Amino acid sequence: MYSLEQVKYDDQVILTTEQLAEFYGTTTQSIAQNFKNNEEKFEEKKHYYLLKGAQLKEFKSQFENFELPINKFASQLYLWTKRGASRHAKMLGTDRAWDVYDELEENYFNPKTQQRLPQSPTEMLKLAIDSTLETADKVEKLTTRMDDLEQNASIDPGEYNYLSKRISSEVQNYITAHHLILSSKQRAQLYKDVNRGVKEVTGVKTRSQLRKKDFDTVDRYLMDWVPSRATLMIIEQIGDEAKGQERLF
């Protein structure tokens with residue numbers, strides 16, 4: 001059975017009544033009687049094909065070189081599909097029928113494709129190259145995935161503290177370089193400005209959402225940070241308001 005050559009009709013793998021009877025350990029008469037008694041459970045072109053006349057003649061001529069047990073004098077021929085063979089195994093209900101059907105399903109109806117071995121040095125070389133390229137592609141995809149996971153990991157506490165200190169340092173450096181004397185409210189505007197810039201260049205809503213991939217971006221941003229013109233005007237307005245309040249007392 002394992003070496004049985006697959007035969008198809010209408011793109012479906014089929015078996016003859018004689019084959020089913022031989023495999024299931026029964027007679028063709030028993031197969032025919034089971035079908036006759038349960039014909040309503042069988043659907044043509046789904047469970048079986050019935051060939052007559054020109055169709056039968058064409059089938060015989062097409063598969064004359066196959067070892068199919070076909071009565072050359074028969075006026076009609078039943079061809080059973082995988083589903084039809086399963087129905088007959090169920091009707092017979094014997095252990096042999098089910099065991100044989102399992103083997104037919106695995107080795108005849110759904111045979112596993114066997115890979116052809118290379119036949120020449122050129123084919124062997126091509127197989128080796130293809131295998132190497134496939135392995136390299138898998139390694140590259142795995143490496144890329146690992147890099148992505150690492151870069152999208154949350155920034156660690158040490159890096160977060162470093163950036164926080166950098167922000168404080170850049171704000172203080174700006175104040176010192178421009179000889180500014182600022183109130184806490186004015187200083188808050190500088191911190192608000194630098195934090196707004198950090199969120200804009202990284203696309204995060206809060207600094208706690210920074211990822212490892214953002215570390216270098218923020219570091220470069222802080223190196224060139226200066227407060228915006230709008231922030232400087234707000235700080236100036238806050239100073240003018242404070243002077244006005246002082247004059248009131």
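Helices (H or I, at least four residues) and strands (E, at least two) are taken here as DSSP runs, numbered from the N terminus. With that naming, I70 has its place in the loop between α3 and β5.

The structure is a predicted model, in which local features need pLDDT of at least 70 and side-chain atom pairs count only at pLDDT 80 or more, while totals for chains, interfaces and linings use all residues. Residues are numbered from 1 along each chain as its sequence is written, and side-chain values use heavy atoms, with hydrogens and water left out.

I70, at 24% relative accessibility, counts as partly exposed. Although I70 and E18 are 52 residues apart in sequence, they are 7.6 Å apart in space, C-alpha to C-alpha. Not counting residues up to four places away in sequence, I70 touches T16, F59, K60 and L77, where contact means heavy atoms within 4.5 Å.

An open sheet is formed by 3 strands in the order β3-β5-β4, with antiparallel pairing; two strands pair if DSSP finds at least two bridges between them. β3 (15-16) and β4 stand at the edges with a single partner strand each, so one side of each is left without a neighbour in the sheet. The antiparallel pairing of β4 and β5 runs over 5 bridges; Y49 has L79 in β5 as its bridge partner, and L50 stands opposite Y78 in β5. β4 is mostly covered, since 4 of its 5 residues are buried.

**Two nonpolar cores**

A nonpolar core is a set of buried Ala, Val, Leu, Ile, Met, Phe, Trp, Tyr and Cys residues joined through side-chain atoms within 4.5 Å. The largest core holds 31 residues, of which Y24, L51, F59, L79 and L104 touch the most other members. Its largest share, 6 residues, comes from α5. A second, separate core of 18 residues includes I167, V194, Y221 and I235.

**Helix α9 and its surroundings**

In helix α9 (residues 215-223), the buried residues are F215, V218, D219, Y221 and L222. Seen down the axis of α9, these residues fall within an arc of 165 degrees, so they line one face of the helix; the arc is that of the directions from the helix axis to the C-beta atoms. They pack against α7 (157-177) and α8 (184-202), whereas the face turned away from the buried side carries the exposed residues R220 and M223.

**Salt bridges**

A salt bridge is a side-chain nitrogen of Lys or Arg within 4 Å of a carboxyl oxygen of Asp or Glu, and by this rule the count comes to 6. Among them are these pairs:

| Pair | Closest N to O |
|---|---|
| E170 and R166 | 3.3 Å |
| D219 and R166 | 2.3 Å |

D219 in helix α9 and R166 in helix α7 are 53 residues apart, and their pair links distant parts of the chain. Both D219 and R166 are buried. E170 and R166, being 4 residues apart in helix α7, are separated by about one helical turn. Salt bridges that share partners also join D156, E159 and K212 into one network.

Methods:
Buried means under 20% relative accessible area, exposed over 50%, partly exposed in between (1.4 Å probe, protein chains only).
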